[in-house]
Amino acid sequence: MSKHKTLKDFEQQIRECVKCGACQANCPTYGSKRKEGAVARGKITLAASVLDGETKLEKELLQDMSMCMMCGSCVTVCPNKVPTDQIVGAMRRQITDEKGMSLIGKGVETVLGHPKLMKTLIKGGALASPLLFKKVPESSGLRLRFPTPIMNKRTIPPMAKKTLFDRFPEFIEGKPGMPTVGFFTGCSITYMYPEIGEKMVRVLKHMGFSIYMPHSQGCCGIPGLSSGAGKLVEKLAENNVKVFGERKVDHIVTACASCNGGIGEYYETMKADYDAFAHKVVDIQVFLQQQGLVEKLAALPKWDKRTRVTYHDPCHLRLQGITKEPRAVLKALPNIDFVEMEGAGKCCGLGGTFSVYHYDTSKDIGAKKIPGLKESGASHLATACPGCIMQLQDNINHAGLSVEACHILDFVNEALDDLKEGR
Amino acid sequence: MIEDRVVRILEDIVGKDNVTTAKTDLITHSYDATQQKFLPEVVVHAENTEQVAKVVRRANEEKIPVLPRGAGSGFTGGTLPVEGGIVLVLTKMDKIIDIDTDNLTAVVEPGVVTANFQKAVEKVGLFYPPDPASQAYSTLGGNLAENAGGPRCVKYGVTKDYILGLEVVTPQGDIIKTGGQTMKNVVGYDLTRLFVGAEGTLGIITKIIFKLLPKPAAKKTMLVQFETIDGAAQSVSEIIRGKIIPTTLEFMDATTIDCVRKATGIDIPEACKAVLIIEVDGDPDVLEDQASRILKIIEPLGIVGTRVANTPEESEDIWKVRRSVSASLRKVNPNKFNEDIVVPRSKVPDMIRALEGISQRHGVPIVNFGHAGDGNIHVNVMVDLKIEGMDKKAHDAIEELFQAAVDLGGSLSGEHGIGIAKAPYLGMELDQAAIAYMQTIKKALDPNGILNPGKIFLEKQPNEVVGH
Ligand SMILES: Cc1cc2nc3c(=O)[nH]c(=O)nc-3n(C[C@H](O)[C@H](O)[C@H](O)COP(=O)(O)OP(=O)(O)OC[C@H]3O[C@@H](n4cnc5c(N)ncnc54)[C@H](O)[C@@H]3O)c2cc1C
Ligand code: SF4
Ligand code: SF4
């Protein structure tokens, strides 16, 4: 039996759509396509018609279901909180179950079917075609995000020469008597942006924590979810829960919003005993506030030369209601001036694997962020998700702006020297 | 079924990507906010006026129904293809062509979303007042076709009050222009007004010339709690009689308050049986005076408490209460029949009393809130349709409340239009001759009956229409 919720499990919620159309206001794919099949109301109606046997999984239905970032923006404005993002996920899993996986998906599943092979891969063994991915495990969501090397219009950061796991051991000793926190790194940070991971380690160490960063942790599963690879996600979840259970940790911190939504929010909806694990998951910005670091930062004297920084809400945090905490960190920092931008809560256009199959729409959605960004006059666009950073930088490059997309942790790290050691 | 030949012709006009007969697309264009379902035969997206004209011309020749569609947020089924045919979607025609800050006018395409237009004009210090609750997604074309209104209409009037001119595609596929860019214009019949509120049955609006206002400098919002619904209803009449026209005068009855309390946990005392949200706008120095005059007028009418917002945030908090109403009503019963009757403003207390009686007589909860300031009350008959006989009970109650509204000199619908939902009741308000007059116009302009057939009038021939 699958551990995922099925379309049938969502039937009640599907029937609660009152067809008001409010979701049109917030849906990025509808905003770009102006097509009913792209908006939540259309997809919910199609989901209902599949349940009713009125339609089958036809080509056009697959197309409409592919037109979704699973960003949940529609849920925010829906009077009945119909969870279209999750319902699309269930639809996509049903599609892969009935229609079979796409070629990429299949490749990933084959590797996963061989635990031994997977282990070597996770350890970073060289693999397969694109040079770019030499060190990235085959089960990683990054491969679903960039399945081919032929994405010539897109600017992708190069894979790091030394992954995060090459840079740190699994366990980093903190101050005596201090608890251990787990660090769920995620593929993007491990292989593409290990510097963000380094800064995370430095910040956690500064607070005195010991850090447990199991090298056998895998992808969170969000890209897999987005492409309907249900079985893959099950295996990934099982492995992640297992390896983090090998040491006693009270918190599992993430610096990637997608991972946070994946291992925190999504695992909790699965039909398995993952609640205890999921409840430990905490976003670093929230963690900094809980642990009192934000207050300390706020008490520091402001720098003379400050960077003008604005913020982009990653969907996976915004959906969980985490919008105040990242801003609190930014407002507290002595080295920056935080300014709001119009459309901070608009999706960047990445959407799991969406940008792979619909790059032009994805770019179009991303371009909607540019006017607000320009108006803000910021030189840096900070966010809390490496996926967003990559996508935002691509948007910025295409618009010809000289703004840098970066992680909030970059600035926290910069301000850290002003703080006295210890908690 | 539409012949392949016709589909090919449509593809030639608007391009292959803009025509679809896929089952999934037919399903996703079969509904609007009434939640009823009628499958079209083909869905066409138009990108400009010429395409609209050519599609309509062909459809007229072939005698195929054409259903203009905006955001599909209509509450009366206006865009539903009850007789099949072509659903013609206008959401891709969404350009704001011009905002003229010298003449305070704007020219737009019909697919522009209302709130986007409001934002754009406010950026340059101008103001487009009509504010239907669906403004974040409804289209201006849909607003015109239904003559939409909202809370601000007490002071500022409804959509029709802001239209200077139109470009319209006629049922024959001709492109005509009505009105113009000037504030005054008396040349020929006022065709502009004919198309506004016609629900897409007389022509397809492809361009709109709007009149705009300067943006008010400030506003002040108050939430006033009353001991009785009568006190609140009377306050509305008294404020108007006191020659003050607030921007908005929204009211909520006891059941509404109860639902909102449960849904949002907002702190409103049990003793409060009705709420008025009153907003005034204008120059900051006039506002204080207006607000205190209002409070003085309503003081003797049994007030439990008053909350005055001093910052935009506090004002927004008050409006959040109002906006949470619609969704929170489900707490009463799962199914909602939502009517938007309107009565002369002085008759609001009488209407509320009538509604209480109807609710008791039929044994169905009726929840009321809405734009009391212009006499427009959102009446929600809340039932559980799973219980046998409820459907009839609800409809009996609705018929009776329509009658009560008409008897008080009011109307069946202040904002949502007739469509198919209210067509059976048309004869309650309009006399035979008036209906026949309207149908004569329709017949003359659209002899083949291809534009949005089956709407507003139930019967096709004037002499067959029987009043209720
Ligand atoms: C939650 C909710 C709240 C609402 N609140 C209000 C409110 O406060 N006030 C109010 O007035 N209404 C309200 N409505 C009703 C609805 O939003 C309005 O009637 C709106 O004007 C419809 O616009 P639309 O773009 O969705 O039009 P659609 O529903 O697509 O079409 C409505 C009618 O207009 C016709 N039409 C559309 N475009 C054109 C065109 N270019 N030319 C000719 N005919 C056209 C259609 O054929 C149809 O008859 C609400 C609806 C919802 C769901
Ligand atoms: S907002 Fe929610 S209820 Fe309304 S149409 Fe969209 S999904 Fe359905
Ligand atoms: S999840 Fe995002 S992309 Fe998908 S329907 Fe909702 S708002 Fe649109």
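Author: What follows is a set of questions about labels, each answered with a value and a rule.

Reader: Happy to start. What should I keep in mind about the model itself?

Author: This is a predicted model, in which local features need pLDDT of at least 70 and side-chain atom pairs count only at pLDDT 80 or more, while totals for chains, interfaces and linings use all residues. Residues are numbered from 1 along each chain as its sequence is written, chains are lettered from A and ligands numbered from 1 in the order in which they are written, and side-chain values use heavy atoms, with hydrogens and water left out.

Reader: Why is the pair Asp131(B) and Arg152(B) called a salt bridge?

Author: A salt bridge is a side-chain nitrogen of Lys or Arg within 4 Å of a carboxyl oxygen of Asp or Glu. The N to O distance for Asp131(B) and Arg152(B) is 3.7 Å, so the pair qualifies. The two sit in distant parts of the chain, 21 residues apart: Asp131(B) is in the loop between strand E7 (126-127) and helix H5 (140-146) of chain B, and Arg152(B) is in the loop between H5 and helix H6 (153-156) of chain B. Helices here are DSSP runs of H or I with at least four residues, strands are runs of E with at least two, and both are numbered from the N terminus.

Reader: Why does Asp131(B) count as buried?

Author: Buried means under 20% relative accessible area, exposed over 50%, and partly exposed in between (1.4 Å probe, protein chains only). Asp131(B) has 10% relative accessibility, so it counts as buried.

Reader: What makes Asp258(B) partly exposed rather than buried?

Author: Asp258(B) has 31% relative accessibility, so it falls in the partly exposed range. Arg261(B), with 15%, counts as buried. These two form a salt bridge with the closest N and O atoms 3.1 Å apart. Both lie in helix H9 of chain B, three residues apart, about one turn of the helix.

Reader: Which residues of helix H9 of chain B are buried?

Author: For helix H9 (residues 254-264), they are Thr256(B), Ile257(B), Cys259(B), Val260(B) and Arg261(B). Their packing partners include strand E13 (248-253) and helix H11 (312-323) of chain B. After H9(B) comes Gly265(B), with a positive phi near 70 degrees.

Reader: How do you know that Arg361(B) is exposed?

Author: Arg361(B) has a relative accessible area of 56%, so it passes the cut-off for exposed. Glu400(B), at 27%, counts as partly exposed. Their side chains meet in a salt bridge, N to O 2.5 Å.

Reader: How many salt bridges does the rule find over all chains?

Author: The count comes to 46. Four of the salt bridges cross the interface of chain B and chain A. One example is Lys37(B) with Glu54(A), where the closest N and O atoms are 2.8 Å apart.

Reader: How do you put a size on the interface of chain B and chain A?

Author: The size of an interface is often given as the accessible area lost when the parts come together. Buried area is the accessible area (1.4 Å probe) that two parts lose on being put together, summed over both. For chain B and chain A this is about 2,200 Å², 54% of it on carbon and sulfur atoms. In chain B, Thr24(B), Tyr31(B) and Tyr137(B) lose the most area to chain A, together 25% of what that side buries. By contact, meaning heavy atoms within 4.5 Å, 28 residues of chain B touch 30 residues of chain A.

Reader: Where does ligand 1 lie?

Author: Ligand 1 lies between chains A and B. There are 35 residues around ligand 1, and Pro68(B), Ser73(B), Ser134(B), Thr139(B) and Gly149(B) come nearest; a residue is near if one of its heavy atoms lies within 4 Å.
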